[in-house]
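Let's take a friendly look at some backbone details and at the nonpolar core.

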Amino acid sequence: MMGYIKYLFLIGLLFTNNLFAAPEYAASGVEMKAVQVSEHVWYVKGASGAATENEGFISNSGFVITEEGVVVYDALGSPSLAQQLIAEIRKVTNKPIVKLILGHYHADHIYGAQVFKELGAEIIAPVGVYKYIDSDVGINRLEERRISLYPWVDDDTYIVKPDRLLDKAETFTLGGITFLINVVGPAHSDGDMTLYIENDRVLFSGDLIFEGRVPYLGSSDTRFWLKTLEKMEMQSLQGLVPGHGAAAKEPAKTVSLTRRYLAFIREKMGAAVEELEAFDEAYKQTDWSEFANLPAFKEANRKNAYQVYLSMEAEALED
Ligand SMILES: [Zn+2]
């Protein structure tokens, strides 16, 4: 009898240990290498391709090293990827990771957030993200990724709620480095914000700007987004890290592709709406050759055009 109780006790201990141990995430097999952008700024670059290719490593994440700690921008598409990102950070600094700034809430940028939360980082996100967190889209997407990205996204993966929501621009200083968070509002998603590192003049643009590929417009407010891009003072930038694709060597050029694409699609779809032309007809009549050779054109362009067509119909009713 005593032996049996002792046995139960030992089993219990084992369970208790497991409960309190740090969660273990499936190891990822992707190639990830931190690249230095400027004196204090680094980033890792996701692969191009569909959302569930390359273990979901399709978006970028960046980090800024200061004397007093590390600030991370975006958390990648799985806890496993975030764990690998942290290993990359640890190759260049032992400073604590104090803040995670989530530029927007889309699956490919946020599922790694729980790993940073476990480290005690403060998680900051733009106002509007609860629209995603509480939506069927957000919930269903996670369910789907638990299958399509298993074992890197599984039942233990959850959508982390931010510790703090920002509804307007904010500046903070850490270890002598000045950070400017710009809350852009609903542009590419329900809420977007960029992070600018003043000392280095480097901008993390999130998905407001895509390098060398057709952007996925989703449910974005393209009118507001286009205005934002037009306003950005890119000439003064030293570096630009987009949400996807390589850090820009010439920031102004990178911005210009996304801006031109948005302007073009709004011009063509806007004209069709005005002339009461059916979408299919307008889409067929449009000469897309300027963008047709870019990555993601086939996957994204028709959906993008249709979204813009519908939203411009709604805009026309507003005016
Ligand atoms: Zn993205």
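The helices and strands named here are DSSP runs numbered from the N terminus, a helix having at least four residues and a strand at least two. Keep in mind that this is a predicted model.

**Backbone**

Most peptide bonds are trans, and most residues other than glycine have a negative phi. Against that background, the bond from tyrosine 150 to proline 151 is cis, with omega near 5 degrees. Proline 151 sits in the loop that runs between α6 (136-148) and β7 (164-166).

Is leucine 76 buried or exposed? Leucine 76 is buried, because 31 other C-beta atoms lie within 10 Å, and 20 or more are enough for that label. Asparagine 54, with 18 other C-beta atoms within 10 Å, is partly exposed.

**Nonpolar core**

Which members of the largest nonpolar core touch the most other members? They are Leu100, Leu102, Phe116 and Ile123, out of 77 residues in this core. Helix α8 (residues 251-274) supplies the largest share of the core, eight residues.

Leaving aside residues up to four places away in sequence, leucine 100 touches Val72, Ala75, Ala113, Phe116, Ala121 and Ile123.

Definitions and conventions:
Residues numbered from 1 in each chain as written. Predicted model: local features only at pLDDT ≥ 70, side-chain atom pairs only at ≥ 80, totals over all residues. Buried ≥ 20, exposed ≤ 12 C-beta atoms within 10 Å, placed from the backbone. Core = buried A, V, L, I, M, F, W, Y, C linked by C-beta atoms within 7 Å. Contact = placed C-beta atoms within 7 Å.
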